[in-house]
Each structure stands twice: as C-alpha cells, then as structure tokens.
Amino acid sequence: MQTPPPSAFIIPIPLRSPLLRLPPRRPHKTSYSVSALFPNPSSSSSSSYSTSDADLSSRGFHLRRTPDGLNLAHLNSVFASVGFPKRDLDKIRTALDHTDCLLWVEYEKTKRPVAFARATGDGVFNAIIWDVVVDPSFQGIGLGKAVMERVVGELLGKGIRNIALYSEPRVLGFYRPLGFVADPDGIRGMVYSRKQQQKKKK
C-alpha cells in the first residue's frame with residue numbers, strides 16, 4: 001500500500017489559539033488551524049536539527065523536557081509578553097499534568113524560561129501542539145525552531161504521524177519549513193464556537 005503524501009488543513013477560526021506568538025502589532029481576530037501528516041515517523045532525528053543541543057548550551061540555553069524547575073509565574077510572564085492573557089497558575093499546572101510532550105528553554109544567566117511548547121494527544125495516532133512561545137527579547141535567534149524541531153521529533157519517535165497546531169496568519173511561514181502544510185486538497189478543520197451557539201439562542 002502506497003504511503004499517503006503529507007497533508008494538512010487550515011481554516012480561519014475566531015478564537016485565542018495556542019500558537020507561536022510575536023509581540024502584537026495590532027489586534028488579530030483570526031487564527032488558523034494547521035496540521036501535517038508525516039509519511040515517515042523515523043525521518044526526524046537529532047542529527048537533522050538545525051541547532052544542536054550542545055550549540056544551544058554553549059550559548060547559555062538549556063533544553064528541559066519536564067516541568068521540573070519550571071517557574072510557572074515566569075512562564076506566565078512569557079505568555080503575557082507575546083499577547084496571551086495571564087493564566088491561572090493552578091490551571092497551567094493542571095494543563096502540564098495532562099501534557100504528553102513538553103519542551104522549554106532555560107536561559108542560564110536568569111534561570112528563567114525563554115521558549116516553550118507542549119503537545120497533547122492520544123499517544124498513538126494524533127497530537128496537537130500548544131503554547132509555542134518565545135520571549136520577545138530572545139526571538140530571531142532560532143529558539144522557536146529548535147523547540148519545534150524537537151517536539152515534532154519526539155512525537156514522530158512515538159509513531160504519531162498526524163500533528164496539528166494553530167497559527168496566526170503572519171507566522172504560517174515559520175511552520176511550513178517544519179513540515180506543516182495548509183489546506184491540501186480542500187481538507188479543512190472545524191472547532192466548536194461558543195459564539196455560534198450563542199447566536200442560535202438569540
């Protein structure tokens with residue numbers, strides 16, 4: 001049976017989505033759902049990373065794959081700095097408890113998180129990546145790409161081939177080189193909208 005080609009979908013959705021965030025230039029009401037079907041789970045390896053763990057460490061950035069040592073208040077500050085609303089720390093803790101794959105970058109000089117991403121899923125077929133953020137002071141030096149490469153690599157290593165995320169239109173170009181494709185063959189995703197349900201009740 002022939003392996004299916006990589007596929008993905010994209011759809012405008014009016015919500016605050018978990019995504020790679022840049023400092024807000026103006027309010028954005030639209031986000032996009034993007035996913036990729038990777039035909040070969042073994043195609044990603046540490047040798048294919050654009051920046052090695054050793055290189056990151058030599059620059060003072062240390063990769064962490066568990067929430068141990070992660071200051072949630074500091075993480076919340078990074079969320080806020082890129083446009084997320086401040087979150088309840090207990091809810092962040094609960095979210096991390098239900099996270100299947102997590103990776104964050106600690107800056108050696110401050111011992112604070114400067115980049116973060118996590119993924120949830122069924123552990124077999126599907127995963128969705130959430131909360132991809134980089135502190136604005138550390139954007140443009142490859143941390144976002146380093147985090148995403150490793151999160152995707154870990155998911156592929158588990159045999160998960162359908163990986164999805166949400167993205168603002170202006171950062172779609174960040175995800176495409178990582179294997180994410182928009183709206184192939186007219187396939188689109190949908191999300192539950194409370195606003196739509198409220199309109200029906202009126």
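Helices (DSSP H or I runs of at least four residues) and strands (E runs of at least two) are numbered from the N terminus. By that count the protein has six helices and seven strands, which run β-β-α-β-α-α-β-β-β-α-β-α-α from the N terminus on. This is a predicted model, in which local features need pLDDT of at least 70 and side-chain atom pairs count only at pLDDT 80 or more, while totals for chains, interfaces and linings use all residues. Residues are numbered from 1 along each chain as its sequence is written, and side-chain values use heavy atoms, with hydrogens and water left out.

**Confidence**

- The mean pLDDT (the predictor's confidence in each residue, from 0 to 100) is 82, and 73% of the residues reach 70 or more.
- Over residues 1–19 the pLDDT is below 50, yet the model gives this stretch 75 contacts beyond near neighbours in sequence; a contact means heavy atoms within 4.5 Å.
- Residues 22–30 also stay under 50 in pLDDT, with 19 contacts beyond four places in sequence.

**Whole protein**

- Of the 202 residues, 42% count as buried, meaning under 20% relative accessible area with a 1.4 Å probe, protein chains only.
- The accessible surface (Shrake-Rupley method, 1.4 Å probe) comes to about 11,100 Å², and carbon and sulfur atoms account for 52% of that.
- Among contacts between residues at least 6 apart in sequence, 72% join residues at least 24 apart.

**Helix α4**

- Helix α4 covers residues 143–157, and its end C-alpha atoms are 21 Å apart, which agrees with the 21 Å that 15 residues should span at 1.5 Å a residue; the expected span is 1.5 Å times one less than the number of residues.
- Because 12 of its 15 residues are buried, α4 is largely enclosed by the rest of the structure.
- The buried residues of α4 include Gly144, Glu149 and Arg150.
- After α4 comes glycine 159, with a positive phi near 85°.

**Nonpolar cores**

- A nonpolar core is a set of buried Ala, Val, Leu, Ile, Met, Phe, Trp, Tyr and Cys residues joined through side-chain atoms within 4.5 Å.
- The largest core has 31 residues, and Ile129, Leu143, Met148, Val151, Leu155 and Phe180 have the most contacts inside it.
- At least two residues of this core come from each of β3, β4, β5, β6, α4 and β7, and α4 gives the largest share, eight residues.
- Another core lies apart from it, with 13 residues, among them Leu72, Val78, Phe84 and Val133.
- Leucine 155 touches Cys101, Ala119, Ala127, Ile129, Ile160 and Ile163, leaving aside residues up to four places away in sequence.

Definitions and conventions: Buried < 20%, exposed > 50% of the residue type's maximum accessible area, 1.4 Å probe, protein only.
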